[in-house]
Each structure stands twice: as C-alpha cells, then as structure tokens.
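Have the picture open while you read.

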Amino acid sequence: MMASSYSAKEEDGHHPGSAGLGDTAIRTRKPDNTAFKQQRLPAWQPILTAGTVLPAFFVIGLIFIPIGIGLYVTSNNIKEFEIDYTGTDMSSPCFNCSINHSWNNTTPCKCVLPFSLDQPFESNVFMYYGLSNFYQNHRRYVKSRDDSQLNGDEGSLKEPSKECEPYHTSEKKPIAPCGAIANSMFNDTLELYFIDPNGTRNQIPLTKKGIAWWTDKHVKFRNPGSNNPNLTAVFQDTAKPINWGKPVYELDTDLENNGFINEDFIVWMRTAALPTFRKLYRIIQKKNSMTPTLPRGNYTLEVTYIHFLNHLYSDYPVRSFDGRKRVILSTISWMGGKNPFLGIAYITVGLICFFLGVVLLFIHHKYGNRNNSSDIPN
Amino acid sequence: MPWTDPLTLIRHGWARHKDTEGPIRRVVSNLPFEDLKERDQPNRKYEGNGIKSNKYRLWSFIPMNLFEQFHRMANLYFMGLAILNFVPMVNAFQPEVALIPICIILALTAVKDGWEDFRRYQADQQLNNMPCFIFSRKQMCFVVRRWKDVRVGDFVRVLSNQIIPADILLLHTSDPNGVCHMETANLDGETSLNQRKVLPGFSTLGEPFQPQTFDSTVVCENPNNNLNLFKGYLERPDKRRTGFGIDSLLLRGCMVRNTDETAGIVVYAGHETKSMLNNSGPRCKRSKIERKMNTDVLFCVVLLFFMCLIAALGHTIWLETFDSEPPYIVPDSNGNYTPSVLAGFYMFLTMIILLQIMIPVSLYVSIELVKMGQIYFITQDVELYDEELDTRVQCRSLNITEDLGQIQYVFSDKTGTLTQNKMVFRRCTIMGTEYSHAENAARLAVLNGENEEEEVTIYQQTKLPPLFPPDELQDTQDKNHTNPQVTAANLRRSKAAAGAQGDMAFSSPLETVVVPDWKLKLEVYHQTGPYLDFFLSLAICNTVVVSKATSQRQRVTGRRNSSYSSSSFSSMREWFRKRSVRKVFTSMKFSKRRDEKLSDPFVIDDDDPDIQHIPRVSDTTEDHPYFISRKVTSNKEKHSPGDSEEVCYEAHSPDENALIHAAKAYGFTMVERTPHHVTVKLPNEVLMKFEVLEVLPFDSTRRRMSIIVRHPDTNEIIMYTKGADSAIMERLRDVFSDMSKQDKQIGVKTQKDLDMYAEDGLRTLCFAKKVISEEEYRAWSDIRQEALSSIDEKEERLMDSANCIENNFSLLGATGIEDRLQENVPDSIQALRRAGMQVWILTGDKPETAINIAYSCKLLDNEDLVVTFTTMKKSVCKMRLEDTLGEARRSARTNPQFRGHNTTFTGSSVEPSIGLVIDGSTLSMAMSDELVDQFVELCKHCRAVLCCRVTPLQKSDVVKLIRHKLRVMTLAIGDGANDVNMIQAADVGIGVSGQEGMQAVMACDFAITRFKHLQRLLLVHGHWCYSRLANMVIYFFYKNVAYVNLLFWYQFFCGFSATAMIDYWLMIFFNLLFTSAPPIMFGIMDKEVSDSTLLSHPELYRRGQHTETYSGSDIGIFSFGTPMNTISLFTIILHLAIEIKSWTVVHWLTMIGSVVMYFIVTLAYSAVCISCNPPSDPYWIMHKQMADPMFYLVCILTTVAALLPRYTFHVLKGTLAPSSHLRARQLERLPPSYRERRTREGRGLGDTCASS
C-alpha cells in the first residue's frame, strides 16, 4: 500500500531536490498513437483477382491495338528502298572494285549500280549507308576516342588520351582525330543519278548538312584554335589517322563542315549499338510540292572508293568480316524510319491483353463466385 | 569491450602479464604516497578509473575502420574487383569510376561506425567527468574530483543517491547498524535494495572516518566478472586477518540508498570493475533468412561465374571467326593483337567486373536499414505498451525481427510468464488442521471477475492526482480488513490505484491483503504454541527488508526530481543499456546460490520459494543491541499502534511477500530487520526482538532456508525453517523413535493437504521448527565459522554445515500460495497453437501444479490423453516411451478424420490429443543418447508437452534438442534467471520483464511485459517483418539479376566484348539512387493483411513457418526488351508495384519520387557531361530521347510486355488458387459486422471468402 501512494508523497517536497520540480508532468514512454507510427496510414490495397483487373486488361488491349494499328499504318506509308553494293557476287558491278582494283593509278575506283523505284518518294528522302557485321559496339573500339580532343581541347590535340592507343601517335606526331573509331571512318562516296525516260543522267542534289545532332555539331564537337578559320594551321602539328587518305582539315571545303565538325565524321563517331546498323548519309530535300522528291523511274548509284590505307583490300573493307554494305533510301514520318515491328508488337500485346481479358472474364464468371473452396490446399 | 585498439591490447596484455604474478591483488592505501611520482605508487599497476570504450582515436580512425570493414567478405570482393579494374588488360570501366560504389559503401559504413564510436566516447567522457569525493591527505578531508581521477587505493566517499564510481570496499557508513543499501537498477534493472555491510575492524561506528590511519593491506582476488562473488581479507600490520565477501563491496554503477554517507577504499577501478567486466557487446544472432540468403548469394556467384564463362568462350569463338583483323578490333598499345584464347581469358575477368552488381552489395546495407525500420515500428506499437510499468516492447537484438514470423516451437516458463508471479496467500494448514480462507478466496474471485475495459477507464481516472490520497486508500484497505463483503467497485478502485503506481516491490494492496480465516484467527488469539511458532516463522524466516516510508520517498524523488542525480542516473542507465550488461548475469539476488554452486550457476528453481539474499551475519563480531533497542522504543513512543501499518516490505521473491503479509494479517508484523535482530510485533502489540544467530540462505540443492534465533523470553535457540515439502518432510524427527503418534498424524494430514494444494495449482511451502541446545549450537557454530572463513571449496563446506544442523525438524504447517494466470493467457496460447506453433511448458514446479496450470491455460483439453512420465529407472522409461509412441503412431494413422478436423483451412498438420508430462529426472533419461530419438518423435505427436521439475540447464538442453533434432525455429519465453539459459539457446529469446528482476530481459532478444503480448508480437509483427523482409530480399535479387541480364544479353550483340551500353555513372545511380528507396520502403512498410485480421486468423502465420514466401526466386519471366535504363527502371519499379500489397502515402511518394529523380538526375547529367566520362559521354542523349515520341512508345510497350506475364500470373493465382492471405485481404473488405459474425461462427477463411 505504500507503493500506491508514491505520486502523492512525491509532491510534498521533502526532498530538497524535488522542490520546484514536483509538479512536472510525468512523461510516459507510451508510443504516440498516430496513424504512421501504428502503421495505420490509409492505404489502397489492390487485390489482384480476375474480377478486379478485368477492366485493366481490356483497357490496355483497347489502347494498344489502335496504337499498334496506327504505328503499323504509319510505318507502311514510309517508303524505303535498299540496295546492297558490297560486291561479293561476280555479277555485281562493284565486284572489281572490291576485289582487285589496282591502286597503282591514282584514279579512284568507281562502280555504278542501276536500280529503279516503283513508287515515287514524296517527302524528304533520307539516304543512309548501312553496314552489317560491323561491331562498332566492341568495348575497346567504343573506348578508342578522345572526347576532349574532339571538343577542341588544345592539350588533347597535342597529346591524345591513352584510350586512343595504339592510334594516338603516328610518326611521332599526335593523330587528330585519334582512336580506332575515327581511324575506321566510312569513306565511300555515294552519288545518286536519276535516269530520265529519255536517257539523260541527272545528278540528284544531296544535302550533307543537318545529318548530325545539332548539339553534337555545335557543342560536343568543336575545332581547336577557337574559330581560327585556317584549319591547316591549327592541325599543322598533327598527323592524319593511319587509314585516312587525307587529313581531317580536308574533309570538306566548307569551313562550317570541316575538321572535327564535319557531319559525316560526327555521324560516324556516334557509335552504333548493334553490329548491323545504318547511318544517315545525305538528305534529299523536297524541291516543291508539285513533283515528288524521287519520282518513279530508273536511277543509278555511283560508288566511289577512296583508298583505305594500310589495308589489304582496297575499298572500305568489310569483306574480311563478312560485312555487307548497303545504301538505303527512305522517307520518314514522326516515328522516324520504317519500323513495322513496333506496330506489330503493339497489336500483339494489345491482342494478348484482350485475349487474357476474355479468359479472365470467363474465369471470373466461372470460378470467381464459387462456393466450395475447401479443397484448395494452402 | 568487444574490440580495443592494438595499443590498448598490448597495454592490457602487459598489465595482465604482471598481474599473473599471483592470483591475488594487494591494495594498500594511497595516502602515504600521495605526492610521489607515478612510478613510486604502490598501486600503479592497477588500472585507473577512467574508461575508454571507443574503438578509434582521431588519428587512427580511417585505417582502423577500413581494416575492420575489410573483414567482411563482400567488401573484399568488391575491392578486389575495383583493383582488378586497374589492370589495363581487363578493365571494364574507367578504373577510378569503378571505385565509386565500394567507396560509397565503405564511407557510409565508416560514418555510421564513427558516429557510434563518437557517441560511446561522449558517454565515456560524461562518466569520466562525473564528480566524486576522494580523500586528500594534504587537505585532510574529502575533496571533489572526477571519476577518472579515482585510483585503486583511494578513499572515496559516496553520499546518498550518488552513483558509486568504482568497486569500493565498504569501510564506513553513517548508518548506526553499519550497513548501507545499494540499488542495482543500473546493473540489472532491479529496483529492490541490496544490503551491504561495513567491513568490521577499521572504522568504529558513530565516529568520523579517518582514512589516514588506514594501515592495513587489502588482499583480494583478481578482477573477474562474477557480480556475486568476491573474496579476500584485510591484513593488518600485525598479520591479523579479517575476511570479507561480496556483501562488503560497493559496485560501480550502483546507487547508494537510505544511507547518508558511505566511504571505503577502491579495490577495482575502471575497466576492472565487476560491472565493466560484465559488459559484453550487443547480441549478434543471424536470422534464418539471412543464413538462407547467404546461400542465395553463393548461387548468384555461381550464376555470375557461368555468365562470365559463356562470355569468355563466346569471345574466343567470335575472334576465331575472323581470318584477318577487322578494323573494329583494336590492337593493344604496341599494335599487337591478343591471341583469341588469351583474349577470352581476359574477357572472363572483365565480365566479372562488368557483371559485379549481380552480387547485391547494397543488399546487406538495405537489410540493416529495413530491420531498423521494422524495429522502430515494433517498439512504436501502442498495443504492446504496458501502462502499468510504462514500458514498451524492447528489441535488444537488432537483426532477427523476421525470425519472429517463423516460429514453430514455443517454450514457455510457467511462473511469471504464464502466471503473474504475484503470489497470493490462499490457505494454510497448521498442525494438521486445514484453514481454507474462504473469504479471502471470495475476495480474490471478485477481483478476478472484472473485465479489462473497466480497468482501462479506471486507470485513466486515477491519473487525476487527488483521487486517491493515501488516507483514502488506507480506508479502503481497512475496510477490507474488517468487512470482507466489500463492494466489487471499491476493490477495483484499489486495484486500479495500485496498478497506476507501478510495481514497487510486490506491495500492491490487492495481492498482499489477506482476509484472515475467522477460525484460525480465533486459534491465534488463544496463542497456543504451534500457532505462534507458525506465524513467527512466517514473519521472520525470510529475507524481507523493512523500509520506512521516508526512505522510499527519497528513492522516488531522487530519481524523478533531483536534477543532478537524475541526469547522471539517466546517463549511467543509458550507458549501461548501450553496453547491454549481460553475459552470465544472474543478478545480485542469486548471490548466495552462486556462492554455493559456482560451477553451475543456473541450477536454480524459481518455482520453489525464493528464499535468498540474506544479509550475511556470520562473520560479524560485534553486536550493537543498544542502537536497535533505542530505535525501537523511540518508534513506539512516536507512533500510535496504527502507524505500524506504514511499514513497507521489500521482498526479493513474491512468495515471501505474500507470506509476510499473511502473517501481518494475523497480527504478526515484522517491524525491523537488522543483520543481528528481527523485531516482530505480536497481535497483542508486544514487540519481540529476536537475536539472529545465523541465517542459512536458500539454495536450489537444499531447497530450504533457515534462520536461527534466540528467543527473547525463553532464551532458547530456535531454528525456523521453510522449504519445499520434499526438503522438509524427509528431515522431520525420526518417525520410529520419539515421534509421538500425534506428530505422525500431523505429518500425514499435512501431506494430504499439500497434495490437495498442488492439485489446485497452489505453490506449497512447509514450515518447521527445531529447538537447538546451547552445546549443539556452539559445536555447530564452530564448524560454520570454519566453513565461512575458508577460501577453497567454500560453497560445499557451507552447504555441508547447513545440512548438518537442518534435521530433526518438528513440522509446524504448510501454506498454499496462489500464482494466478496472467490475463488472456488461454486465448494467446490458443492463438499460437492455431498458428501452428507447438507450445511447451518447462517449469521447475511439481507435475501436479504444472498440469493444473496447463488445464487452466487451455494447453491441455479435458478430452486429451495425458501421459505422465515419472520414473527413476531407465528401463521403465524406455518401455513407456515405446508404448506411448506406438499408441501415438496408431492414433495418428487410424484417425485420419481427426486429422482432417480443424484443418479445412490450416493445412494438413496433425493435431494429436496427447499431452505429455515428464519430470526432470525422467527427462534426463529420455534425453540420453539411446532414447532421444524416440523421445523426439513422441514429442512430435504430442499436443502439449510439460516438463516439470527441470533445472535451468535442462531447459536449455530441451530447447537445443528440439531445435537441432527437428530443425525448427524455436522461441523461448521466460522471466527469471533460471530461464536465461533457455532464452539464449533458442532462436528467439523473449524476456518477460516482471517480478523476478531483469536477468531474463538482459539476456533476451525481445522483452515484453505480458505473455499476451507474445501473440501480437508473433502473429502481427513477426508475420509482417517476415513477409516484408522476404519479399524485399527476393525483390533485391530480382532487381540485380534483371539488370545484370540486360548487360549480359547485350554481349551477344557486341561480340562478347563486355561493352556496357549504359553509362557507368547511371549504372551506379541506378542501384544507389533510383531503385534503392522503394524496396527499402517496401521492406519497412508494406502490409499485406491488417493486424486485426492476422490476430483473428492465426492460421495466416503458417506461411512463414514453412518459409513459403522466400523459397527460390521468381526471376526469369522477365522478357528482355530494348536495352535501356529507363525501361528497366520502369519495369523494375512497376514490378514492385505489383508486389506491393497496400499503398500508403509513403509508398506513392517513394515510387513517384524515384521515377522523378531518375529523370531529373539523368537529364541533368546528360546536359552537363560533354566529356566528363569517356567513352560514354551521354551529352544530350536523354533530351534527344525524350523529344522523340518513339521513346515513350517503346518504354510503354516494353514495360507492359515485360510485366504482363507476372501480372497475369498473379491474377490467375489470385482467382483460381487464392492464398490464405489473399482471402484474408478479401475478408477485410467485407463490412465489419459481417466479418465479425463470420469470425464468431468460427469459420475458416475459406468459407468466409467463398460466400462473399
């Protein structure tokens, strides 16, 4: 019973230390009774059963199928034409060039491939070159570049990064641009001619600007020497990549498209993710709304090979690794190039969802309300 | 100290080396050497009192912490990989970048360690700088110094309510009886007081303490961690020796109470004090999931190995396909191409680096975080909060929360765990006559009848202070005395008041007040001899300390209000909690037992009367009758007779408390106890002062205690003994010689009553008396003194001497004490069993009592077949085992319908109806090698197993046996020191902080206050923690493997050249930032089924027992899409979304936050990084992507396609074969009234949901 009178005794202040503090509220250790601490936050608890998710499946199906159809139709409206010019066949016009062109004379080897378009290409046409079996994504290949050099850094220009090895110096001079990627740059020249019905060859004008990302051309890639127009002087102490026929400052005559900011170069430097890839080569601008960009008819593709130095084969070498070279002409839409897969995939997934929805409806109808479930083991 | 820095170790080693010169420590006074240099100090080789428990110093923090961290395998692994990355041949990433994740993890851990260490340092500093009084020879008085200045050999003065700075040999106290009281709450949480007495011979009582005259040498044993044992002697210059023991030692960390001033010489200081030596680091248990997880990590390693092997082979083959080197194969820096086989080998190493995140390095960190969160929520649970004790559930073990959800076997102590351990005097038998105390029983029944709700409301009322002033309470009680027909409401009030005031020393009025049996009262008034003796033995044969109300008040105010002492007190307490004083920490109260049985400290039986902790008076040489008599008379003058009610008893065992209050109810009030005297007030207000000649303390072997006193009137030497019936009955006066027929009859009758008591579930105690002649006493006294002063085999000799005198008793009578069941125990046990747990009771009590309790807590059913095993012969034991086992097998086989019963929902577990009762000696036979297998099998067939009369060691053996033989998860719950072994042996140990001190709590993993809390702790928190953690671990593996798979499959498209198509920074962020928070949140907060449902359907618990949630992984349905971080992020996060069972605000925030963070970080990163991280330099990639509608289309499609199978799987499973949990969740949706009806009708979940 003494124990029961503590609080009363405590307050009578006999103990000197307790004076003045006697009436402090006694703090308990009782936990707060809040929703968070007691794990009683209002919660949404979805239960995944046929009945509850049925609508979701139908909704997904109903959304996906139209999207897929839309994508498929869009993709089908895109016109695409592809021509392989590797020249592995004896019959191929490029066979000679790719096999036994003699480099003794300095004239570059040329081959001419005729082709015809069944349908006119109405809007702007994008011209791609495609390589297959070319592993631009090889780890050491991907690494073999120096982004600061390409960004115009003077120091890196004089002393390229170690990552570029063994393509970072040539004849005691730093290579610009260094590295294996730059060294293996695609260098076939492609030209397109329209054959009039009357037989005249009209060269189709190809735009070579605007093929690279704007940010790459204006931010990521920059020539060294802070806008010095004389690129020859800027690059004077550097060597050209070993395989290149000409130095980097002679890639183009246009100052806006020369040196590191050459768009062909920039496009090449953005390494492809898969071994079979296409890269944008030129754009054929639509001239006016009356005539199609590429009317129906016969065309020829002229491929000019440039000497790929230090290599057994003469042209841009793909035969050593069973590669193929292609030229692709394509119109584009909002969804980019022709890609029927995505549309089909959407339709398929949509259909599956729809189908599952039906199955679930059936299941829900049959099993969802059943009365006897005691036979179900836990 | 789990760890000390090498320097300290060396220092310690050196010091220890020097110490080993002898097994003893000699301490002389420092005073004569006060001004000498350090090397001339006689006690210089002993450690100072400053403590240092921080591991690191400022300058050594980084190297030492790193050294420690690299003891972990995972860290070594990742560090090895990072170093491997520096080899140019094989590097996968920029080497510096590859160091980042491991550095982040190391740094995080280091910060955590550093912070903890700093906290330790601060706590140490606070302790070291606490003030204390040290005697200075120069100033000839005590001066204020700091704790760390205390050295061995110093004289220290401790005032009342101050904390003792070191282990001090008590030389002086202001108390006239030469004693001082010490509260050990800081050490073991016990609030009862321990008495310590002054070492005789140096300081005379009543005179000022003069340390400068101290010229003796203190010789004692070397420091050890035994809190209950201390031996040594004081050697005077003339070679006279005075022995002393633990009862003269003030322990560091304890608090002096009731004594104005004490002083003594420091014998152990700092880390060598007993309390410091008892500190062990926090408990480290590994949970089952964690163990299983490690094998899964190993599986990941194997998987990783195969992935790398595939890549290496693939790379070699790929290289072989080329006749000449294509331009995209880059030669090494010298222009040479690596041979393809060698390149393949390099590739193997590179792939390991690339795919390293397969081994989830963040998993361990995340699990720790998740467990912290889980523990936070457990401790916050208001349902597990105990209003009376103001205690929350304590989680002392930090890493086994999820084990709570997997328990299969529960081993429970009986006393104090299932029962309240609040002993109530129920009936007694004196000289063969039984007094049933019917009124008292009626009163208790009324108290029992109240329901909880009322209690709660009443409790809240009592928070208003003036409702129960002491006087009013007194009135209530007085009424109780006079009129047994007190209204129930009144009683409830008094109970509530008692509850509101806490648990002080078993003195709540409800339990202690005894309504006297009128028949017996009549007898007492006639004052016939045996009755007088019976109540006298009730009143004095114990260790109860009488404390005055004033001293109690001091105690409370000292703690709550005195600002200085309360702050230091709390800091001390905090400090000790951090260190978790544990080890073999039987508290002080078992001091005597341990004295006797040092080798086996746990052979203690709590269910027998706890008669211990007698202030030892044996080696006292001087008596001070003057003081005592004066005090008593003054008491008498001051107070009217009614005032004697103010006496407060502080008993160490509830039995004693019940008995002494029973004696008081009949007018035998013990008013004072000193080491030398006991004063009892008789019903006729006469004070009788007994001179105490000897106290033979309780121990578990003798199972009795005795007190030898000199009767003040007759001058006879009388020994009063109380003990277990077996311990008394066999030592009665010889039946055949001089025992009269009447005596014999008394014995038989008493035995009959005892049997009846046991059947009623009462705890029985016998009381006996023996008159000793002067000569006999003197002869025995010599033996006793010799035993006391011996150092070798002291325990055995003391016991022998006790046995020597304790015989030829004449029986006085016996008492029956009721230990009532705690509230809701039957329900809780029922729930645990429905949850598939086997409940065992391990008790030291008699089989009859145990069976009775088992019936009342519904562990046994009336229809159950109870098989009792009590035999002394092994062959009999074997035979019975075989018989019973055969029968059990048969019944399990032939009763398939019984098997089906009650299992419509719960699965196919057999519910046999056999109850097995086995006693300690039979148990040890059954657990011998040849019978153990049969025994275990029989146990499997039993519905309930009761082990009676088992020793603490046997308790832990049983737990270990079941745990290892059946490979099950075990839980042990207990409240006393005798349960410590069991608690530590089980996978999960639960301590009930109740009446028996804190030893169990100190040893346990989780501490609760009521048995009923176990139900919620297991069924709700255990289940939650388990399913959360299991899901999180699975998810973690899924996340990492899915991500690694992205990288791996890409290798088929890049010539197995170990290209990572994802920027490395983003990969790091992916694991550290974008996908780390949701799973952690998932692990802490997801809630599949609400607590109320879990409680009402304990069957849901079964999932964890068979580790259903975490069995294998569900990886592999992940369909592989475009290798893009975004998609994998969406997929991974949305996958979690499928798994999340309940969405709260926090869930939404984390999930959306993660996605938003991903986009922000990626956009920012790709906007800034032009050439910062070659070769990937993700400049503007993300922006370009996000401007392209195709990006979104692809993202959506891939995510949907990837998740569709899983989602459908869930849906189909949910519809066709819903798990019990799903049904429970469906049940929660139903309107509550409907739900309740269903639950009440006792239907399984299956029916309920099916018809909804």
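## Chain A at a glance

Chain A has eleven helices and ten strands. Helices (H or I, at least four residues) and strands (E, at least two) are DSSP runs, numbered from the N terminus. Out of its 378 residues, 50% count as buried; that label means under 20% relative accessible area, with exposed being over 50% and partly exposed in between (1.4 Å probe, protein chains only).

Now for contacts, meaning heavy atoms within 4.5 Å. Take the contacts in chain A with a separation of 6 or more: 78% of them are between residues 24 or more positions apart. The accessible surface of chain A is about 18,100 Å², and carbon and sulfur atoms own 56% of that. Such areas come from the Shrake-Rupley method with a 1.4 Å probe, and for residues, only the protein chains shown count as cover.

## How the model was read

This is a predicted model, where local features need pLDDT of at least 70 and side-chain atom pairs count only at pLDDT 80 or more, while totals for chains, interfaces and linings use all residues. Residues are numbered from 1 along each chain as its sequence is written, chains are lettered from A and ligands numbered from 1 in the order in which they are written, and side-chain values use heavy atoms, leaving out hydrogens and water.

## Chain B in numbers

Chain B has 46 helices and 33 strands. Of its 1252 residues, 61% count as buried. About 47,700 Å² of chain B is accessible surface, 57% of it belonging to carbon and sulfur atoms.

## Where to be careful

pLDDT is the predictor's confidence in each residue, from 0 to 100. Chain B has a mean pLDDT of 72, with 73% of its residues at 70 or more. Residues 449-509 of chain B have pLDDT below 50, although this stretch has 78 contacts in the model beyond near neighbours in sequence. For the complex, the predictor gives an ipTM of 0.83 and a pTM of 0.70.

B:D413 sits in strand β15 (residues 409-413). Is B:D413 buried or exposed? B:D413 counts as buried because its relative accessibility is 0%.

Next, find B:F306 in helix α7 (residues 288-320) of chain B. B:F306 counts as partly exposed because its relative accessibility is 46%.
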